[in-house]
Amino acid sequence: MLGVVRPRARMITRRAWIYVLSVVALLVPAVGIAYLGAVSYRDERGAIAAQDERQRQAALAIAGRIEGAVVRGLDEVERAVAGGPSRAAVEIPLARYWFWIDGAGELQVPRPPPPAIEIGGALERAAACPPGARLEDCVRQLSTRQSRLARLTAAQRAEACTGAGCAASWGEARRQYAALADFADVGPVAQLGLARVLMKLEDPRAVQALADLEARFEDRALETDALGGIPVRLVVALLRARSPAARLEVAGAVLAERYALDPILRVGVLTRIRAQLEDPLPADLGARRDALDQQIAAVRREARMAAGLVDDVPAVMRTATTAWQGRPAVREPARTLVFRQRLDGGVIGFAVDAPMLEVAAGQEPGDLVARGAHPRVVAAGASLAPALRRIAQVPIGEGLPHLSLVIVNPLAEPDPRDEVIRERSRRHVIYTSALAVALALGLLVLIRGAARARELAQLKSDFVSTVSHELKTPLTSIRMFAEMLEQGVAQGDAAKMARYHGVIVQESQRLGLLIANLLDYAQIEKGTRRYTSSRQELGALAQLAVTTFETLRDPERVAARRNAIAVEVSSEAMRAELEVDRDVVVQAVLNLLANAAKYGGADQPIAVTVGADAVAGWIAVTDHGPGIPAAEQARIFREFYRSPEAYRSGVEGTGLGLALVKRSIEALGGTAEVRSMPGDGATFTIRLPRVPEVSA
């Protein structure tokens, strides 16, 4: 019993071990995969957390650079104010729109509009009748004023005449202006018109008219044809400035605030002066004109800023402290006013917008935390554009609580978190992809090799069948005509006997050519083919090949059905010599001629062209057959290959002729090629290196 139980126990133990090992074989990989998955998940979370921290630190660094740029801008404004004059230039671009409010709450920079000045001229209307005046006197006075205004309007129309025949109109305008110049209501405009007309008439009294205008109405302002409220002194200066240099001097005086002008009016005057400075100008005046363009732009900005600051001055003065802070502008909430209080109680600051703060932050390599990442300054709580992704967001210090710094990148670019995950799995994907590609390539090579082997086997099978037929055909002819001679069928008929003997000889030569091709291919395939090179004349080689081909023709075929062969040998080819194996070249040309005769048609001509240049010589055989498609032109030089058109035509062949031509000619250092178009015949060319001529 024990002897029976022990083997059974050992069997059970063995099975148990097999079960245990199978379970272990399943559990160990499962546990390993689970462990690797847990480690990968933990590492992935750590990598994402590290990426988030890098992005937050980059955002804090950008916000810190913005704070630093704000402090530097305020310090620059402080130096400009302390160094006086109040319009000193500020070099930092962030603070280009700066302002200064003095301790009394008055806006010093940019300059506020000046106090209103008295405007006189044609637009001035008569005051109401004084108390106690008679109605008749008031009516008469008003009528007289209306009459003067009508005469002034007529004078202005006469002055507006342009062209060569305006002298009379200008004279009438001068008379009317002179009559109206003494009246207080229309006097300033009339005196100005008189000066203009005298200048048009080139009258020397124009100088005195301008002097009288400046002396009588120095404290008045005029309504001109384009601008209103211009001081008389400035009007006179503009009329006296006849040259570009003088006009630039007047522009400089306007910029230096020698005339009490509203900022908007100052821009208008400068723009009008600039329009009169047309090319060509000397180089120095051109440079001054370009500088004037920049100054006009600065004055225009100052005018807009002065208008925008009017409503913000009280709030800025009320909230300013020695620590800088910012607040949205009242008129333009998208603009931020950054300011701080000076020791004298005044306030300095500048106006900025979000793009200016972004530019002031600059760019450093650490900012590129994602592809296409860039900073954006936005209002706190504002949403981003739909095409942007929020990567990190931090406040811009305590001074700008209404703004935040956000690092964004386009949604079209990858999410940096996804990029981290992809980076960790990219190596595995690369290895797997490389293995899959290698496997696919191996399968492709195997399939192509199998297909090629199958094709080659089929070609060899067709070749055996074709060669058997090719060998049998001449042997049958030889045997038949030999038996006829043996039986005395042509007894006593010398012509018939000669024809029978000719057929036997021709078929024997044909059989010999076929066997020679087979032997040549066998030797080339084994690598035992030997070539005997000698110096040959190219033209003679071509003639020998054509003569040999004519000898091998079928004697039964009548002359009308033969292919006419035209040989053209160039003069250069007659002198060309080659270092080649004569029999190999002749055999190659014979194969080409045989192909041309078979596929070109029984009665179609064949052209043989022999040419040469300084490097090589060539023999080209052209037929008038159906041509060869482009897809088949590389295949026809393969061993055993025959195109589908050749099979359909019923022309016999082994598929070795062109392969032998190519391989034997290449063995001699030459090339074999074909040029053909479907329906237009084919030209086969063998090209061989030429022996250099030795100069005498």
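Is Ala237 buried or exposed? Ala237 is buried, because its relative accessible area is 18% and the cut-off for buried is under 20%. Please keep in mind as you read that this is a predicted model. The protein has 696 residues, of which buried ones make up 38%, and its secondary structure comes to 18 helices and 18 strands. If you take contacts between residues at least 6 apart in sequence, 63% of them join residues at least 24 apart. Here is a friendly tour of some places to look at.

**Around Ala237**

- You will find Ala237 in helix α6, which covers residues 232–240.
- Once residues up to four places away in sequence are set aside, Ala237 touches Val250 and Tyr259.
- Glu249 is 12 residues from Ala237 along the chain, and the C-alpha atoms of the two are separated by 9.6 Å.

- Helix α4 (residues 187–200) packs against helix α5 (residues 205–216) with the axes 8 Å apart and an angle of about 160°.
- That angle is why α4 counts as roughly antiparallel to α5, and the two helices cross in a left-handed way.
- On the α4 side, the contact is made by Pro188, Gln191, Leu192, Ala195, Leu198 and Met199.
- On the α5 side, the residues making the contact are Arg205, Ala206, Ala209, Leu210, Asp212, Leu213 and Arg216.
- The loop between α4 and α5 holds Glu202, a residue that is not a glycine and yet has a positive phi of about 55°.
- As background, most residues other than glycine have a negative phi.
- Glu202 is exposed, because its relative accessible area of 71% is over the 50% cut-off.

**Helices α14 and α16**

- The axes of helix α14 (residues 538–551) and helix α16 (residues 582–600) come within 9 Å, crossing at roughly 55°.
- At that angle, α14 is therefore oblique to α16, and the crossing is right-handed.
- From α14, the residues that meet α16 are Leu541, Leu544, Ala545, Val546, Thr548 and Phe549.
- From α16, the partners are Arg582, Val585, Val586, Val589, Leu590, Leu593, Ala594 and Ala597.

**Around Ala612**

- Strand β15, made of residues 606–612, contains Ala612.
- Ala612 has a relative accessible area of 13%, so this alanine is buried.
- Apart from neighbours within four places in sequence, Ala612 is in contact with Leu538, Ser570, Glu572, Ala573, Ala576, Gly617, Trp618 and Arg690.
- One of those contacts, Arg690, lies 78 residues from Ala612 in sequence, with 8.1 Å between their C-alpha atoms.

**The aromatic pair and its neighbours**

- How many aromatic pairs does the structure hold? The structure holds 1.

**Helix α18**

- Within helix α18 (residues 657–667), the buried residues are Gly657, Leu658, Ala659, Leu660, Val661, Ser664 and Ile665.
- Just after α18 comes Gly669, with a positive phi of about 90°.

**Around Gly681**

- Gly681 belongs to the loop between β17 (671–676) and β18.
- Gly681 counts as buried because its relative accessibility is 3%.
- Which residues does Gly681 contact, leaving aside neighbours within four places in sequence? They are Asp623, His624, Gly625, Pro626, Gly627 and Ser676.
- Gly627 is 54 residues from Gly681 in sequence, but the C-alpha atoms of these two glycines are 4.2 Å apart in space.

How values were computed
Residues numbered from 1 in each chain as written. Predicted model: local features only at pLDDT ≥ 70, side-chain atom pairs only at ≥ 80, totals over all residues. Heavy atoms only, no water. Buried < 20%, exposed > 50% of the residue type's maximum accessible area, 1.4 Å probe, protein only. Helix = DSSP H or I, 4+ residues; strand = E, 2+ residues; numbered from the N terminus. Phe/Tyr/Trp six-rings, centres within 6.5 Å; stacked < 30°, edge-to-face > 60°. Axes fitted to C-alpha atoms, helices over the stretch in contact; angles between N-to-C directions. Parallel < 35°, antiparallel > 145°, perpendicular 65-115°, else oblique. Left-handed = near helix turned anticlockwise from the far one by under 90°. Contact = heavy atoms within 4.5 Å.
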